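Thanks for coming. I will go through a sheet and then a helix, so please keep the structure open while I talk.

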Amino acid sequence: MFGLAALVVVLIALSWWMGQQAYHWLPVQASTAAPLVDGLFSFETAIGTFVFGGVVSVMAWVLLMHRAEKYDETDAEPIEGNTKLEVIWTAIPFVLVMAIAVYAIRVNTSLGVLGPMEHIHQDNPVEGVVGYPGDRLPAEQVEVIARQWSWEFRYPDANVSSTELHLAVDQPVTFRLVSEDVLHGFFIPAFRLKQDVVPGRAINFNLTPTREGRYRLRDSQFSGTWFAANQADVVVESGDAHTAWLKQSAALPLQSGISDAVDEYAARAKKANPGWATVPPAPPPQVNVPGSNNLPHDA
Amino acid sequence: MTLATFPASEPKPSWSRYFSFNTDAKVIGIQYIVLAFFFFLIGGLLAMIIRGELITPQADLVDRTVYNGIYTMHGTIMLFLFVFPVLNGLNNLLIPTMIGAPDMAFPRLNAVAFWLVPIFGTLLIASFFVPGGPAYSGWWSYPPVSIQNPLGHLVNGQGMWLTAVALSGVSSIMGAVNFVTTIIRMRAPGMTWFRMPVFCWTALAAQSLQLIGLPALTGGAIMLLFDLVAGTTFYDPAGGGDPVLYQHFFWFYSHPAVYVIILPVFGIFSELFPVYARKPLFGYVYVSLASFIIVGLGLIVWVHHFFTSGVPQWMRNLFMVNTMLISVPTGVKVFAWLGTLWRGKIRLTTPVLFCLGGLFNFVFAGITGVMLATVPVDIHVSNTYFVVGHFHYVIYGAAVMVIFAAIYHWFPKFIGRMPYEGLGKVHFLLTFIGANLNFLPMHPLGLMGMPRRVSSYDPEFAFWNVLASLGAFLLGVSIIPFLLNMISSWVRGPKAPHNPWNAIGLEWLLPSPPAEDNFGEHVPVVISRPYGYGLGKPLVEHQDAIEQALTAADLQEASR
């Protein structure tokens with residue numbers, strides 16, 4: 001019994017420590033959603049460590065202690081079951097997963113209040129690509145257009161377009177996500193948020209950045225040949241800097257934005273044996289600010 | 001009561017039966033398994049190319065189009081041409097012999113189901129050689145990207161892929177009809193439901209899932225094929241279709257498909273741990289019934305595969321709770337296996353090593369599975385390498401390792417020769433280390449935000465990717481001792497006695513290998529539960545006499 005108690009104490013300590021470590025496996029927290037998601041992940045890591053550690057301890061114990069002696073061909077003492085134990089090991093996992101589920105539903109609700117998960121799937125599945133319903137949206141609005149293979153960001157209030165996403169820190173923003181061709185995924189790991197961009201729908205998606213820096217936006221739903229190269233930089237800057245950026249950018253002439261796919265497609269055409277068939281990339285979007293997608297980023 | 005005699009003088013059947021339309025389930029079983037491993041080698045070769053590409057951040061080994069085709073075909077081949085056929089092979093070998101049936105209920109249908117596999121396999125492999133290359137949109141083949149058809153040809157890789165998947169569905173439905181009917185109708189006298197081996201329980205559960213789920217996938221795939229070649233717009237928003245509809249069809253089957261794979265694996269755990277721990281299975285009735293609880297819950301979790309596609313909050317919460325509940329009956333099974341091992345007399349043979357390694361990996365995968373079930377965490381890690389890591393821990397770390405255990409365990413029974421222990425242990429060690437080195441690094445990669453299916457990535461992901469690639473190459477090497485073992489022991493391994501592991505079960509009351517009609521007219525009458533290790537109760541009537549006849553036949557065979 002003492003040994004079992006010692007094992008449980010060690011496992012609890014280990015689980016708590018792993019729960020703390022879990023925060024370091026994730027990118028920097030750069031949105032209001034990130035601490036909520038990370039807290040849940042840490043909790044799950046701790047519980048998971050406890051369960052995994054328990055099972056592995058039993059396996060290690062039987063491997064060391066309950067091996068057949070050499071040349072012992074006899075059977076072990078037959079134990080066919082134990083109803084009490086079976087009830088216990090049904091009840092404990094049930095309670096554990098329900099605890100996790102309740103925690104997760106509460107996080108879901110909080111995230112819902114923050115606004116990142118709601119969109120118009122239920123009431124109005126198809127919204128025109130033009131005709132922007134700005135008046136019902138609470139915040140700065142950014143229109144995100146996903147293509148094979150580029151990201152374009154439009155700021156209708158400021159009359160600015162860019163292939164680098166600029167956001168003001170601590171200010172809520174509403175994205176209007178549209179795709180011109182296939183499914184794409186709007187995924188900014190530092191924000192812990194992801195939303196598929198579904199052609200034929202406009203999806204409203206809210207978030208609030210909380211940390212200045214340069215982050216990556218990655219396409220997360222397979223979109224064809226240059227899927228991997230369909231990334232953009234996200235710059236979170238102070239409110240003043242953001243206002244200044246919008247103002248400067250509006251004065252810039254339109255030029256070709258970033259599309260790695262277009263560059264690679266041109267290089268590929270010169271090869272003798274270019275590979276298998278591909279859809280040609282859409283032409284690079286014409287934007288005020290191409291920005292950059294190869295500067296060092298925080299996450 | 002007359003007992004079967006075992007004439008050792010029966011003429012040896014010709015090896016050419018393995019290349020013919022044969023209706024003997026044991027021949028079909030071996031056909032399935034050998035063909036599956038042929039495709040396993042092709043799928044594995046593709047995995048080596050994938051990991052070769054991903055060992056550096058740039059897309060530099062193959063063109064991006066080639067990479068996309070290769071990762072698509074890797075997943076497709078491994079699932080539809082390796083895992084499902086190899087499990088159907090085990091079903092064919094084990095179900096009739098475990099329940100004392102002479103063959104499957106519909107032997108000709110059984111053979112047709114098998115011969116569809118090389119047909120759609122050839123179709124799939126042939127798609128590498130059509131203009132434009134094979135399908136490239138992943139094994140999910142989500143539209144609209146899967147219906148873009150860049151060259152515009154009527155015959156194209158994606159179309160061949162969809163035809164192959166639909167044929168695979170037809171083949172699996174034929175198989176499922178057969179397995180379910182055989183288990184329900186053809187059990188030995190006295191073998192009530194609660195005297196049936198757990199492998200048969202899990203096979204029945206898994207094949208019921210096939211019958212319920214497969215029509216959705218097969219229908220969905222045919223609709224997608226129409227969108228691709230006939231201009232319909234079921235899934236194309238340009239014509240009023242909905243791409244998310246396909247995701248429902250696809251995952252309504254393809255999530256249960258994971259249980260079709262893992263349930264028989266649970267069955268193998270439940271068969272093997274008692275043999276090698278010399279103890280009865282702990283809580284046999286509960287373990288048997290838990291399979292059907294998993295079936296029920298497994299059918300109502302499919303939306304967790306696309307929480308990010310835009311599903312309403314209530315649906316997210318509902319499917320999250322359903323998914324988490326599955327861990328309860330699954331946990332019951334894991335604890336029952338631990339209870340079986342507890343105070344056993346464990347013999348560390350190759351099969352039990354593979355089972356222990358598989359259990360270790362499976363529990364790890366279960367924990368990442370619960371993480372994936374919770375919506376907020378899933379939103380962050382879905383479609384990242386975290387999912388790839390989780391999935392490969394389930395399929396390779398658990399399922400494939402336990403399939404290896406089954407092969408080492410039942411090889412003597414159906415081939416009639418003993419595999420080599422030393423090579424088996426080397427195979428285990430390389431597989432266990434290789435799998436963990438390959439798949440563990442995928443979890444930090446996913447948490448950091450590396451999407452799956454990428455042919456290039458940002459440099460901060462390089463470290464873990466190098467480790468994963470080294471693990472993959474080790475896994476590539478690990479198959480060599482397995483192949484050596486199988487081929488050499490099949491050709492000239494020591495002759496196997498009828499029951500080399502001293503196991504309890506009807507299949508061990510047959511000679512190795514069994515006659516074509518198994519027990520023929522002389523099916524033993526089952527009088528006890530399976531796994532009666534240490535209880536001293538015979539499994540069947542006249543057990544001693546049957547054993548004596550078998551031992552005499554073993555000796556006669558050995559002296560030849």
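Strand 1 (residues 140–147) and strand 2 (residues 150–155) of chain A run antiparallel and are joined by five bridges. Strands here are DSSP runs of E with at least two residues, helices are runs of H or I with at least four, and both are numbered from the N terminus. Two strands count as paired if DSSP finds at least two bridges between them. A hairpin of two residues links strand 1 to strand 2 in chain A. Across this pair, A:Ala146 has A:Trp151 as its bridge partner, and A:Glu143 stands opposite A:Arg154.

This is a predicted model: local features need pLDDT of at least 70, side-chain atom pairs count only at pLDDT 80 or more, and totals for chains, interfaces and linings use all residues. Residues are numbered from 1 along each chain as its sequence is written, while chains are lettered from A and ligands numbered from 1 in the order in which they are written.

Strand 1 of chain A also pairs with strand 5 (residues 173–179) of chain A, in the parallel sense, over seven bridges. There, A:Gln141 is partnered with A:Thr174.

What is the strand order of the open sheet in chain A? The order of its five strands is 3-2-1-5-8, with mixed pairing. Strand 3 (160–162) and strand 8 (203–207) of chain A are the edge strands, each pairing on one side only.

Now chain B. In helix 9 of chain B, 15 of the 15 residues are buried (20 or more other C-beta atoms within 10 Å of their own, with C-beta atoms placed from the backbone), so this helix is largely enclosed by the rest of the structure. After helix 9 of chain B comes B:Arg343, with a positive phi near 60 degrees.

Conventions: Buried ≥ 20, exposed ≤ 12 C-beta atoms within 10 Å, placed from the backbone.
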